[in-house]
Amino acid sequence: MKNKLKTRPFLKLTKLSVAMICVTSTNSFADQTINKELDEIVVVTQKRAQSIQDVPVTISAYDGDFLESLGIGELDTLSEITPGLVIQEQSPNNPGFVIRGITSDSGSSQSSPRVSIYYNGADVSRSRGSYFELFDVEGIEVVKGPQATLFGTAASVGAISVATRKPEKDFSAQLKASVGNYSAKGVSGFVTGGNDLMQGRVAFTYRERDGFIKNIAGDSNSQNPAGFKQDDMHAIERFSYRPSLRITPSDDVTIDLVYTYEKNDDSGTSFKNGLYAPTGGDTSPYSFVEMPGSPYAESVFGKKDLGVERTVNDLNLTVNWDVSNDLTITSITAGRNFDSLEVFDADGTQAWFLEFAEAAEGDQFSQELRAVYTQNKFTSIFGVSYFEEDGSQRIPFSTEESIFLNCLGVLGSGVPCINNDGSVNILTPALTGGAINELPYSLEFTNYGENKAYSAFADVTYAATEALELTAGLRYIKEEKRSGYSSAAPNSVLTQAPLFTVDTNGETFYGDADYDDWLPRFNALYIINPTTNMYATVSKGRRSEVLEVSSANDEQGNVEASISEVPAEIIWNYETGIKGKALDGRLDYSVAVFYQDYSNFQVTLQDDEGVAFSADAGSATNVGAEAEVRALINNEFEIFANAAYLDAEIDDDSNNGNLAGNKFRLQPEWTFSTGLFYSTELSNSLNLTSSLIYSYRSEVFFEPANAPISGLDISQPGLGLVSARLGIASGDYWAVSVFASNLLDKEYLVDAGNTGGGFGNPTFVAGAPRFVGIELTLGFGGQ
């Protein structure tokens with residue numbers, strides 16, 4: 001399953017750089033007077049507004065205008081421009097966040113995330129509830145390295161913080177509409193206004209698009225015509241709206257109330273089997289599939305068709321009180337719930353073999369109260385927080401017994417699972433002497449998680465001299481965990497033996513445990529000169545213990561609870577870097593190098609029955625470097641480039657078991673992106689705007705084993721993608737843009753192995769092809 005794109009990133013980079021130089025040579029940096037400079041980037045990573053240059057940690061930050069100029073409306077596209085960040089989106093129900101090679105994507109209610117996704121200052125705890133549409137965004141900050149002291153224990157390797165735009169006093173409004181290939185349609189907009197006391201804002205977005213992988217199940221040429229016609233795969237229908245209210249009873253108090261609703265109704269993920277072809281097709285992940293799902297899907301899963309139904313509600317109340325010039329108190333009260341159901345054909349074939357669903361639910365509530373106090377040479381942050389969540393992940397499964405046993409090779413029938421003509425062998429009639437034509441089998445298992453966390457934190461910065469700032473921070477966290485597990489897995493009718501050994505006879509088993517820890521950080525910022533700062537940091541991160549509850553059989557064959565504990569994953573991060581400006585503010589740059597030492601590195605594996613479980617892979621090491629640069633070439637051209645290098649693996653130590661020496665999953669050794677922005681005045685009322693972005697990632701493995709499954713490669717070779725945008729605008733009144741992503745229409749994978757891999761049938765998920773479209777923007781009022 002090799003990609004057509006060859007791994008020659010530096011040659012491609014050289015060609016692109018030369019092209020940029022040629023384009024700008026007639027208006028060179030030296031020959032033209034530049035009367036502007038880059039906008040200063042202000043971040044709130046340290047819970048107060050600071051220039052990004054003055055923050056002694058590695059951050060990539062983008063304001064909403066920049067994101068809109070690139071057409072970034074989904075979280076996964078953010079990783080195309082951010083060094084050290086990879087966001088994998090199989091579906092909105094199953095995103096994976098990777099910072100510096102460390103993945104956070106577990107859907108289990110019994111395990112914790114590694115990456116904190118912050119939405120308006122509140123932590124989103126569950127991966128199944130962490131995806132959201134990016135619209136009407138004020139800014140995004142991607143913070144690398146452990147951030148537990150100020151962000152909480154879930155930020156063990158980093159945090160992504162998204163802030164939405166707040167209401168404004170002056171009236172303004174905007175409406176965007178777009179159309180594109182694959183019948184894509186979208187509309188979004190906002191309206192805001194108010195008075196001195198109260199301001200309101202309503203923003204919304206709606207997008208839909210046909211699938212880009214055809215599903216022939218139910219067609220006349222399908223060998224499985226009994227099922228109804230499934231939609232083509234990777235189609236989307238997503239809607240979200242966000243009303244917000246700002247109350248300013250005085251100059252010193254600001255109250256923000258924000259509600260967000262999101263609804264996703266996507267056709268589902270194309271898991272293409274790498275061993276068996278659809279009727280009349282092949283095993284290429286980029287060609288059509290034949291995925292009928294289960295004929296009993298509605299009764300077993302509660303949803304007849306493949307795909308995702310997901311609803312998210314989020315309510316946030318933030319109060320800022322400037323008590324004095326020296327003291328600010330902030331309270332953030334937030335609640336979030338999600339309810340998702342994803343039905344998927346895990347074997348990716350026309351056979352009624354591995355039909356699964358995932359029904360995930362979660363409710364969370366958090367409260368943080370903090371104070372920022374500045375006096376003389378000290379800036380102090382003190383705070384307390386409370387967090388609670390209650391979640392579950394239910395996994396129903398459906399199959400036909402003889403197909404399941406035959407496709408696994410258990411029956412030893414000598415008859416193939418699927419014939420060359422695409423027909424499926426159902427052996428039940430022969431095995432039962434014609435008494436039974438088919439044997440539907442279904443099971444269900446559910447994991448539960450109830451977590452409470454209490455934290456207190458303090459962070460003090462001391463200006464030791466005019467050039468040197470020292471910071472020390474500490475968070476204490478206490479966790480109360482309760483995990484549960486239940487399952488119903490009947491024996492096989494054909495063999496009278498268990499098909500799966502996870503049965504609890506409907507009983508729910510529970511386990512309880514308490515944990516606590518201290519999480520420090522130490523930073524030093526040295527001002528070399530007014531435009532250049534150097535920093536160093538040491539910080540501790542922690543992914544909390546996994547209290548895993550399942551079932552087992554005792555010596556007499558009776559079912560009993562199996563409670564195991566995977567130790568907390570501990571990371572120590574050592575980092576140094578330099579940030580600066582040059583050329584009279586027309587160039588920004590930052591460079592960082594880091595070393596990360598892991599103990600009890602947690603991985604998610606699958607047992608012989610395809611059931612995911614957490615395991616301790618031992619020690620691991622991560623060494624890397626990151627660099628970013630932005631520059632104004634002249635008044636019309638701006639460029640950026642960034643790169644990241646990672647050498648991360650589970651230590652090659654005999655104590656680390658079978659995974660010793662393996663790279664982390666979803667971790668590219670090299671990532672690189674570069675972009676060119678060009679804008680010019682066409683007339684007194686018209687402006688031309690454009691952008692060209694190239695991003696590259698080196699090879700990644702999709703499974704911790706780094707090894708083929710059933711002889712098939714489970715990796716994605718190095719890949720480069722290009723996106724472009726060209727538009728004409730008349731001030732803030734209207735704009736028309738044409739855009740393209742994956743401009744060169746490269747074929748690539750976003751995942752491989754998957755659930756089917758646990759049963760010896762690896763599946764492959766294709767990335768998006770070239771998308772093109774046109775967008776119209778209308779503005780009203782003073783924006």
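This is a predicted model: local features need pLDDT of at least 70, side-chain atom pairs count only at pLDDT 80 or more; totals for chains, interfaces and linings use all residues.
A polar contact is a pair of N or O atoms within 3.5 Å, of which, within protein, one must be able to donate a hydrogen and the other to accept it.

K303 sits in the loop between α5 (297–301) and β17 (307–322). Its relative accessibility is 3%, so K303 counts as buried, the limit for that class being under 20%. The side chain of K303 makes a polar contact with the backbone oxygen of D305 at 3.0 Å. It also reaches the backbone oxygen of L306, at 3.5 Å. Leaving aside residues up to four places away in sequence, K303 touches A297 and E298, V308 and E309, and also L341 and V343.

Two arginines are placed over aromatic rings. R100 lies over the face of F594, and the distance from the ring centre is 3.9 Å. R482 lies over the face of Y510, where the distance from the ring centre is 4.1 Å.

Aromatic rings also pair with one another. A pair of aromatic rings is described by the distance of the centres and the angle of the planes. With centres within 6.5 Å as the criterion, the count comes to 27 aromatic pairs. One of them is formed by Y241 and Y261, with 5.3 Å from centre to centre and 35 degrees between the planes, and is classed as tilted. Y241 belongs to strand β14 (residues 236–250) and Y261 to strand β15 (residues 253–266), so the pair ties together parts that are 20 residues apart in sequence. Y241 has a relative accessibility of 31% and therefore counts as partly exposed. Elsewhere, one aromatic cluster is made up of F271, F344, F353, F356, F397, F404 and F759.

The remaining topic is a sheet. Strands of a sheet pair through backbone hydrogen bonds, either parallel or antiparallel. An open sheet of five strands shows mixed pairing, in the order β3-β9-β10-β7-β8. The edges are taken by β3 (59–63) and β8 (122–124); each has a single partner strand, so one side of each is left without a neighbour in the sheet. On average, neighbouring strands of this sheet are turned by 20 degrees against each other, direction ignored.

Strand β7 (residues 115–119) runs antiparallel to β8, and three bridges join the two. I117 stands opposite V124 in β8.

Key. Residues are numbered from 1 along each chain as its sequence is written. Side-chain values use heavy atoms; hydrogens and water are left out. Two strands pair if DSSP finds at least two bridges between them. Helices (H or I, at least four residues) and strands (E, at least two) are DSSP runs, numbered from the N terminus. Axes are lines fitted to C-alpha atoms, for helices over the stretch in contact, and angles run from 0 to 180 degrees between N-to-C directions. Rings of Phe, Tyr and Trp (its six-membered ring) pair if their centres lie within 6.5 Å; planes under 30 degrees apart count as stacked, over 60 as edge-to-face and the rest as tilted. Buried means under 20% relative accessible area, exposed over 50%, partly exposed in between (1.4 Å probe, protein chains only). A charge sits over a ring if NZ of Lys or CZ of Arg is within 6 Å of the ring centre and within 35 degrees of the ring normal. Contact means heavy atoms within 4.5 Å.
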